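I opened this notebook to record what I looked up in one structure. The entries follow the order of my searches.

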Amino acid sequence: MRWIDLHNVEYGECVVLGTDSNSLLMVDCGSLNTVIREGARNFKEYAQKSLTARYSGVAHRAFLLTHYHRDHACGLWDILDAQPNYFEELYLPCSPCDERGLPLLLEFALFAYVFLPRQGFCGQVSTGALKSFSRVLRQTQQGTAYALGQGDCFVSGGVTFECLWPPRQGYPFDEMFADAVERLHRYVEQPEQPGTDLLQDFLDDFYTFCNLYTRLCTQCPVQSADAAATLAVLDRIDALAPALACLPAAAEVCALLESQSVREAYSRQVNAASLVFQNVRTESGSTDDVLMTGDATPETIAAVEPLLYHDYYAVKAPHHGTHSAVSPVLLGLSAAHVLLSCGEAPDGARCIAAEWAAMPAMKHCTNANCAFLQAGGGCCNRTALCWDSGGLALRCPGNRRGEPLCGIRVVGTQARGCVCDTGTQERRLW
C-alpha cells in the first residue's frame with residue numbers, strides 16, 4: 001500500500017487503503033456512535049463531508065463492505081445519499097448457503113424484516129442485507145456492484161486482492177443458529193393453522209426472494225434488472241406484513257426472534273460471515289501484503305488459516321480488537337503493523353484486548369481505549385522497534401506531529417501516532 005488511513009469513528013470502523021498514487025479502497029465505514037466524542041463531530045456529517053472531501057482528489061475510488069452491522073455499514077449509505085457516484089466499484093458480501101444450499105442468514109433476515117420493528121437491531125441489519133444491492137445500484141448511476149465470496153479476486157489500483165471467506169456453498173453455520181432458523185420455518189409452515197393461505201403466499205414469495213438473491217450473488221457484476229427483481233418480491237412480502245402480524249404464528253416467531261440468545265447467535269453469525277481478504281502476493285516483503293478481517297470470529301480465522309501467508313505488512317485486528325475476537329492464529333503471524341479500530345461504545349463496555357500488545361508489531365489504534373494501557377499506564381509501542389525505520393517508534397516523525405514513515409495514519413482531530421501515551425494536540429486533518 002502507498003498509505004493506509006485508519007479513521008477514528010469511535011466504536012466503528014473505516015480503513016482506507018491507498019492502492020496506488022491515484023486509487024483507493026475504502027473498507028467499511030460505520031459507527032455505533034451518533035456523535036464521535038473526539039472533536040464532538042456528528043458521524044453522518046463527518047462521513048458525508050469531511051471523509052469524502054479528504055479523498056476527492058483521488059481519481060479511482062472503490063468501497064468494500066465486510067458485513068452489514070451498523071458500525072461497519074451506515075457510513076456507506078450516508079456517503080451514497082450525499083454523493084451517489086462517489087465510488088466506481090462497490091463490493092458487498094455474498095449470502096452463504098449451508099450444505100443443503102440454504103442461505104440461513106438471508107432467511108433469518110427475511111423473518112426479522114417481516115415480523116420485527118425496522119428500528120430494532122435485527123431489523124436494521126436485516127434491512128441493510130436484503131436491500132443492499134438494489135439500493136446501491138438504484139442510487140449510483142456510474143458505479144458497479146459485485147457480490148464477493150471465497151475464491152473471488154478483484155483489483156484496486158496496482159493491487160490484486162483475493163477473498164478467503166465466506167464460502168458460497170457448504171458454509172458451516174453454528175448449530176444453535178441453524179436450529180433457530182428451522183424453528184422459525186416450523187412456526188409458519190405448521191398445517192391447519194389460522195391464516196394458512198396467507199402464510200403460503202408469504203412462503204412462496206419468501207423462497208422466490210431467496211432464490212433470486214442467491215442467484216444474484218453469483219453474477220459478476222450484479223445486474224441492475226436482477227437486483228430490481230429481488231426488490232419487487234420484497235415489496236410484495238412487505239405488503240403482506242401487516243396481515244401476517246395479526247396471525248397466531250406471528251407471536252411465536254417474534255418471541256423467538258426477540259430472545260437474547262437468538263439475537264446474539266444472529267450477530268455472531270453475521271460477524272463470522274465477514275469478508276476476509278488479502279492481497280495476491282507477487283513478491284515477499286511488500287507493503288502490499290495486507291490481511292483485512294472485518295469482524296471475523298476466531299473460528300473463521302482458523303478456517304482460513306491454510307490460505308494465509310506467514311507474514312504481512314499490515315493485519316487488521318477483527319471485531320475492533322476486542323477480547324471475543326482474539327485469534328491464536330493471528331497472534332502467531334509475523335506482522336509489521338496491526339490496525340485496531342476501537343473507540344468507546346455507547347455502553348462504554350468494550351476495549352482493545354491486552355493480547356494484541358504482546359505481538360511484536362507496531363500497533364495503530366484509533367483510541368486509547370486499551371486494556372494494556374489501562375492496566376500498565378503505558379503504550380505497548382513505547383519501547384518497540386519500527387520495521388520501517390529500524391529505530392525506536394518514539395523517534396518516528398508520526399509521533400512528533402509529522403508524517404509517519406510507514407504511511408499508516410490515524411485520522412482524527414487529535415494528533416495521534418502509534419505511541420498513544422505521548423500526549424495529544426488538537427489539529428485538523430481535513
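**Entry 1: Aromatic rings**

I looked up F202 and found it buried, with a relative accessible area of 0%; buried means under 20% relative accessible area, exposed over 50%, and partly exposed in between (1.4 Å probe, protein chains only). I note that this is a predicted model, in which local features need pLDDT of at least 70 and side-chain atom pairs count only at pLDDT 80 or more, while totals for chains, interfaces and linings use all residues. Residues are numbered from 1 along each chain as its sequence is written, and side-chain values use heavy atoms, with hydrogens and water left out.

Rings of Phe, Tyr and Trp (its six-membered ring) pair if their centres lie within 6.5 Å; planes under 30 degrees apart count as stacked, over 60 as edge-to-face and the rest as tilted. F115 and F202 are edge-to-face, because their ring centres are 5.9 Å apart and their planes stand at 85°. F115 belongs to helix α3 (residues 104-115) and F202 to helix α6 (residues 196-216), so this pair ties together parts that are 87 residues apart in sequence. Helices (H or I, at least four residues) and strands (E, at least two) are DSSP runs, numbered from the N terminus. F115 is also buried, at 9% relative accessibility.

I recorded a tilted pair as well: Y309 and Y312, at 5.5 Å centre to centre with 40° between the planes. Both Y309 and Y312 are buried. R281 lies over the face of Y309, 4.2 Å from the ring centre; the rule asks for NZ of Lys or CZ of Arg within 6 Å of the ring centre and within 35 degrees of the ring normal.

**Entry 2: Cysteines**

How many disulfides are there? I counted 0 disulfides, the rule being a pair of cysteine sulfur atoms within 2.5 Å. For C14, the closest cysteine sulfur is in C29, at 4.1 Å, so it is too far for a bond. C14 is buried, with a relative accessible area of 1%. For C217, the closest cysteine sulfur is in C94, at 5.7 Å, which is too far for a bond.

**Entry 3: A sheet**

I traced an open sheet of 7 strands with mixed pairing, in the order β9-β10-β11-β12-β13-β14-β15. Strands β9 (153-156) and β15 (362-365) stand at the edges with a single partner strand each, so one side of each has no neighbour in the sheet. Strand β14 (residues 334-340) pairs with β15 in the parallel sense over 4 bridges; pairing requires at least two DSSP bridges between two strands.
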